[in-house]
Amino acid sequence: MRVDVLGKVLLCAVLAAGLPAAAAENSGDYGANLSRIYFAHQRLLALREACDQALPAQAKASEKAYAAWQARHKALLNELDVRLTLMIRRNSKDEKEYMRNVGKYEGSILEYRTEHRGQILAQPRDGMEQVCADFRNYLTGSGSDFHKDYADELRELRKRKLPK
């Protein structure tokens with residue numbers, strides 16, 4: 001699994017922008033924290049997609065469970081998207097480069113999710129029903145709180161205030 005892909009991609013963008021080493025290191029920490037949370041969400045999406053593909057009759061139940069989780073995390077997911085967009089913008093010299101970088105990052109994110117979904121679907125099918133039931137239970141249970149699970153990363157991210 002490549003959990004740190006976004007952090008590496010973002011760090012490469014910082015280095016390519018010609019920023020001093022100290023700034024790149026700090027951005028790498030920021031990028032690593034952002035990627036840990038962002039890719040945790042992508043893994044949830046990949047699992048949901050894999051469950052929907054493997055067990056289409058249960059897709060409505062998965063959608064309902066994910067919608068409940070998403071509603072609880074709506075503000076956080078929006079914040080992560082804003083932080084990612086701002087990081088890409090900061091590391092782009094102009095609008096043209098920004099648009100190119102957005103495409104690169106979105107492509108990397110989609111590639112990660114597709115690979116993760118493929119790994120899930122490559123597992124033996126006999127346990128898939130239980131995996132998907134566990135997934136739905138996780139989404140609707142109290143243990144699926146990204147605010148708690150990623151408290152350290154969020155604390156570090158939020159040291160960098162978002163513009164209003």
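Predicted model: local features only at pLDDT ≥ 70, side-chain atom pairs only at ≥ 80, totals over all residues.
How many residues does helix H4 have, and how far does H4 reach from its first C-alpha to its last?

Residues are numbered from 1 along each chain as its sequence is written, and side-chain values use heavy atoms, with hydrogens and water left out.

**View 1. Helix H4, residues 74-90.** H4 has 17 residues and reaches 24 Å, close to the 24 Å expected at 1.5 Å a residue. Helices are DSSP runs (H or I, at least four residues), numbered from the N terminus. The expected span is 1.5 Å times one less than the number of residues.

View 2. Buried (under 20% relative accessible area, 1.4 Å probe, protein chains only) are Leu76, Leu77, Glu79, Leu80, Arg83, Leu84, Met87 and Ile88. These buried residues fall within an arc of 165 degrees, so they line one face of H4. The arc is that of the directions from the helix axis to the C-beta atoms. Lys74 and Ala75 are exposed (over 50%), on the face turned away from the buried side.

**View 3. H4 against H5, residues 95-121.** The axes, lines fitted to C-alpha atoms over the stretch in contact, come within 9 Å and cross at roughly 135 degrees. Contacts (heavy atoms within 4.5 Å) join Leu84, Thr85, Ile88 and Arg89 in H4 to H5 residues including Tyr98, Val102 and Ile109.

**View 4. Helix H6, residues 128-140.** Its buried residues are Met128, Cys132, Phe135, Arg136 and Leu139. They cover an arc of only 95 degrees, which puts them on the same side of H6.

Conventions:
Helix = DSSP H or I, 4+ residues; strand = E, 2+ residues; numbered from the N terminus. Axes fitted to C-alpha atoms, helices over the stretch in contact; angles between N-to-C directions.
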